[in-house]
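I opened the model and kept short notes as I went.

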Amino acid sequence: MTLLEITDASLSFGPRKIWDKLSFAVERGEFIALIGANGTGKSTLLKAIIGVQHLDSGKVDLEEGASLSYIPQHRTEDSSTPLKVKDLVRLGLDGHKPGLPLPTPAAKEKVMAALKSVQALDLANESVGNLSGGEMQRVRVAQAMIGSPDLILADEPLSNLDLNQQLAVSDLFELQRKQTEAAVLFVTHDVNPIIDYVDKVLYLAPGGYRMGTTDEVMQSDVLSELYGADIDVVRNQGRIVVIGTHDHAHHPGEDWV
Amino acid sequence: MPTLFDFSDYDRLIPLVTNSLIAGALLALVGGLIGVFVITRQLAFAVHGVSELSFAGAAIFLLFGLDVVLGSIVGSITAAVIIGTLGARVQERNSLVAVLMPFGLGIGILALSLYPGRAANKFGLLTGQIVTVDDPQVTWLIAISVSVLIAIALFWRPLVFASLDSSVAVARGVKVDLIGWLFMILLGLVVAAAVQIIGALLVLSLLVTPAAAALRLSSSQFWVPVMSIGIAMISVVGGILLALGGGLPISPYVTTISFLFYLVARVLTSKRFGIIGVGGRK
């Protein structure tokens with residue numbers, strides 16, 4: 001059975017249309033990169049899947065009993081959260097269950113293992129409010145993975161990280177997918193850090209969307225059509241560089257000054 | 001002019017305030033505990049709105065010769081449900097509370113003005129009692145405190161998750177709306193209890209000040225509630241004992257002690273004079 005299926009999702013904010021009949025499916029164990037310009041509703045799509053954003057029309061079907069975890073985009077107001085790092089991670093393990101968070105050895109071991117996997121063991125007793133953006137991002141990854149969810153929704157988990165950390169965190173998502181068959185929906189500006197792991201790319205643009213393998217979607221003609229402008233996709237040593245030439249091009253019907 | 005502190009008849013007076021001490025200690029326990037969530041859920045101002053409607057309920061029930069505590073509960077639960085339903089966003093909630101608050105206060109004052117009883121009892125609901133809590137009141141307070149404590153213990157983890165990390169909690173399947181409602185009802189119950197002892201106008205000193213002080217000193221899931229309860233306990237029990245001699249309302253003593261705790265906590269953690277860095281770094 002399909003893990004997640006979005007059917008004909010449409011959403012507008014006032015006069016601004018975000019998506020019109022967006023449909024796609026995510027299978028177990030799939031790694032999907034969600035890419036697109038600002039304002040194309042990448043974060044909103046994750047919120048719609050969680051259920052905090054209502055759609056104008058269309059539906060979101062999640063497999064019965066499937067568990068989700070979510071890595072929100074880093075916000076500065078997180079810095080006032082009165083919680084220790086280890087307790088924030090623990091919430092991802094059993095925060096949804098009733099009762100008190102009794103300090104059992106089993107839970108402690110899991111929390112420490114999760115923090116270790118993101119090289120944040122030394123942050124365990126730190127206040128969440130004292131973390132830097134990059135530290136918070138790694139702690140969020142630990143929190144999302146500790147509960148072994150069926151689907152991980154990650155909103156720009158690589159932001160605030162340096163290149164080495166980006167690669168290390170990307171590796172973690174791949175490892176988690178292999179070990180637990182978790183599906184991953186991964187919002188990113190740059191596909192390169194995860195290019196070796198990604199099964200499919202969902203590209204959102206103001207004029208529509210396209211889903212397919214990286215090679216199918218990340219093409220000059222596909223992106224040019226989506227944006228309605230000239231886009232160059234250049235491949236170099238396994239990396240993909242997208243160049244928006246429309247900034248410089250002479251638009252048809254426009255006079256040079 | 002009555003004296004502020006007078007301990008001459010202390011051995012004779014203590015037995016008379018046993019009820020107040022029991023009630024005060026219980027209230028400090030639940031008030032200090034729920035206060036932590038009041039702050040993390042950004043409900044400090046909402047508490048004030050709930051307490052004014054609680055006052056209105058109590059005053060109306062008093063006027064019609066009904067149980068004052070029950071009236072207090074009816075008023076505060078009504079306010080809690082209205083705020084919980086209509087005030088999901090902080091900004092909306094603040095205006096809603098500011099609209100409800102004077103309305104509740106006005107209705108309450110009207111009911112009190114029409115009440116033919118003694119004037120001294122009347123304003124106890126607003127500014128606190130003069131160390132007299134009768135047996136039925138203590139029974140109410142025990143019932144409220146025990147139910148709230150049990151409910152918070154049962155819902156602790158999802159309540160913390162929903163309060164501090166709402167969107168992640170939703171993704172993990174926590175019913176944050178339901179938790180929000182449940183919390184408002186518990187808050188309504190605690191406010192109704194607090195109004196009996198410390199008065200509607202001063203409820204914040206018990207439901208917000210101790211937790212605010214504790215949150216300045218720690219970010220530990222264990223120590224914040226423990227310190228908050230401790231500060232509330234010292235404020236209320238200490239306030240009752242100090243008020244005893246002077247024959248004055250307990251409120252000014254309670255509010256002053258809890259305020260001093262907050263002041264000390266701020267100074268200790270201030271950037272310039274502070275000796276405590278929250279969380280161990282910086």
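This is a predicted model: local features need pLDDT of at least 70, side-chain atom pairs count only at pLDDT 80 or more; totals for chains, interfaces and linings use all residues.

The entries below follow the order of my look-ups.

Entry 1: I traced the strand order. Six strands of chain A form an open sheet, in the order β5-β6-β7-β3-β8-β9, and the pairing is mixed. I then looked for the edges. They are β5 (68-71) and β9 (208-212) of chain A, each pairing on one side only.

Entry 2: I picked β3 (residues 31-36) of chain A and its link to β7 (residues 183-187) of chain A. The two run parallel and are joined by four bridges. Across this pair, I found Phe186(A) of β7(A) opposite Ala33(A).

Entry 3: Which strand does β5(A) pair with in the parallel sense? I found strand β6 (residues 151-155) of chain A, with four bridges between the two. Ser69(A) has Ile152(A) of β6(A) opposite. Next I asked whether the faces of β5(A) are covered or open. Both are covered. Leu68(A) and Tyr70(A) are buried on one side, and Ser69(A) and Ile71(A) are buried on the other.

**Entry 4: a hairpin.** I moved on to β10 (residues 231-236) and β11 (residues 239-244) of chain A. They run antiparallel, with six bridges joining them. One bridge pairs Asp232(A) with Ile243(A) in β11(A). Two residues lie between the strands of this hairpin, and Gln237(A) takes a positive phi near 50 degrees.

**Entry 5: where the chains meet.** I listed the residues in contact. Chain A gives 29 residues and chain B gives 29 residues. On the side of chain A that touches chain B, β5 and α2 (85-94) of chain A are the elements that give two or more residues. The most come from α2(A), with four residues. I sorted that side of chain A by residue class: 13 nonpolar, 11 polar and five charged.

**Entry 6: chain B overall.** Chain B has 15 helices and zero strands. I compared its radius of gyration with the globule rule. For 282 residues, a compact globule would come near 19 Å; chain B has 19 Å, so the two agree. Its C-alpha trace spans about 55 × 45 × 30 Å along the principal axes. Buried residues account for 54% of the 282 residues. I also looked at contact range in chain B. Of contacts between residues at least 6 apart in sequence, 75% join residues at least 24 apart.

**Entry 7: helix α11(B).** I tested the length of α11 (residues 176-198) of chain B. Its 23 residues should span 33 Å at 1.5 Å a residue, and its end C-alpha atoms are 31 Å apart, so the span agrees. Just after α11(B), I noted Gly199(B) with a positive phi of about 90 degrees.

**Entry 8: Glu52(B).** I placed Glu52(B) in helix α3 (residues 44-63) of chain B. Is Glu52(B) buried or exposed? Glu52(B) counts as buried, because it has 29 C-beta neighbours inside 10 Å and the cut-off is 20 or more. Neighbours within four places in sequence aside, Glu52(B) is in contact with Met101(B), Gly104(B), Leu105(B) and Ala200(B). Last, I took one distance. The C-alpha atoms of Glu52(B) and Trp140(B) are separated by 19 Å, and these residues are 88 apart along the chain.

Key: Residues are numbered from 1 along each chain as its sequence is written. Chains are lettered from A and ligands numbered from 1 in the order in which they are written. Two strands pair if DSSP finds at least two bridges between them. A residue is buried if 20 or more other C-beta atoms lie within 10 Å of its own, exposed if 12 or fewer, and partly exposed in between; C-beta atoms are placed from the backbone. Two residues are in contact if their C-beta atoms, placed from the backbone, lie within 7 Å. Ala, Val, Leu, Ile, Met, Phe, Trp, Tyr, Cys and Pro count as nonpolar, Asp, Glu, Lys and Arg as charged, and the others, Gly among them, as polar. The radius of gyration is taken over C-alpha atoms; the globule rule is 2.2 Å times the number of residues to the power 0.38. The expected span of a helix is 1.5 Å times one less than its number of residues.
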